[in-house]
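Open the model in your viewer and switch to a cartoon view. We will go from stop to stop, selecting as we go.

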Amino acid sequence: FMMQIYFDGCSNTRCQGYMGNDTTKPSKEQRDYLYLRWSKKICDELGAEEYNFADSGASNHRILRNLAQVQYKGLKYFDLIVIQMTFPHRFEWYDNDRNNWRRISIEKYNTLGYRGTNILRKKENDTFTEFWRSYYESGMYSEDYGRVHEEICFNSIKSICKANNLPLILLSCNNKTELDFDYIIKKSHPDEIEQENMIRDLLELYEQKMYQMIPNCSRQNRL
């Protein structure tokens with residue numbers, strides 16, 4: 001069997017837009033992020049097949065939903081789960097009118113800006129957008145709420161992997177987290193040099209995880 005690794009996260013794991021595919025450069029200088037990102041290089045090092053479900057702007061709720069529902073039945077086919085959790089102020093909500101999940105975050109709906117900048121996107125002015133803008137502006141969201149939701153997702157991801165005998169490496173790009181992650185991405189959207197250091201550290205973590213796992217956790221024993 002060829003080793004199969006499950007990855008999920010936000011843009012820090014998808015890597016599109018800041019790793020390759022830079023449309024500001026001439027086409028001959030552009031490189032494909034799919035071959036540059038850290039998840040692909042880790043798989044190359046381990047001789048594994050990469051399954052990357054990450055999406056830019058994703059929330060912890062989406063990451064957990066993928067693991068617990070969308071991809072759940074196929075988890076038995078994976079040998080390793082690598083999850084990069086993201087900022088706790090991000091959420092998602094199902095839009096019945098559009099029949100899809102829509103991203104929600106302070107960056108998108110807070111007209112006062114976030115972290116000192118005003119980066120509100122005014123492309124959408126429907127009822128959905130107006131409701132979630134008021135959600136953040138009126139103070140219904142709080143850092144305490146985000147912290148609790150982050151912990152719920154953290155514990156749920158760990159429990160799902162444990163129940164399925166799946167080794168898990170759990171990362172975060174939230175430098176303010178109080179949770180015991182295996183690895184913290186110190187700077188969002190790490191460049192190629194920073195990702196090389198990250199890859200080295202994650203491979204060491206992988207070796208540690210494999211050493212700790214019980215002998216009967218292999219994919220062959222789960223099929």
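Contact here means heavy atoms within 4.5 Å. Keep in mind that this is a predicted model.

**Stop 1: the sheet.** Select strands β2, β1, β3, β6 and β7. They form an open sheet of 5 strands in the order β2-β1-β3-β6-β7, and the pairing is parallel. Now look at the edges. β2 (49-52) and β7 (183-184) stand there, each with a single partner strand, so one side of each has no neighbour in the sheet.

Stop 2: Select residues 80-85, strand β3, and residues 168-172, strand β6. How many bridges join β3 and β6? There are 5 bridges, and the two strands pair in the parallel sense. Pick out V82: its bridge partner in β6 is I169.

**Stop 3: where the helices meet.** Show side chains. On α4, select N60, H61, I63, L64, L67 and A68. On α7, select H149, E150, C153, S156, I157, I160 and C161, which those α4 residues meet. Which classes of residue make up this contact? It has 8 nonpolar, 4 polar and 1 charged residues.

Methods. Residues are numbered from 1 along each chain as its sequence is written. This is a predicted model: local features need pLDDT of at least 70, side-chain atom pairs count only at pLDDT 80 or more; totals for chains, interfaces and linings use all residues. Side-chain values use heavy atoms; hydrogens and water are left out. Helices (H or I, at least four residues) and strands (E, at least two) are DSSP runs, numbered from the N terminus. Ala, Val, Leu, Ile, Met, Phe, Trp, Tyr, Cys and Pro count as nonpolar, Asp, Glu, Lys and Arg as charged, and the others, Gly among them, as polar. Two strands pair if DSSP finds at least two bridges between them.
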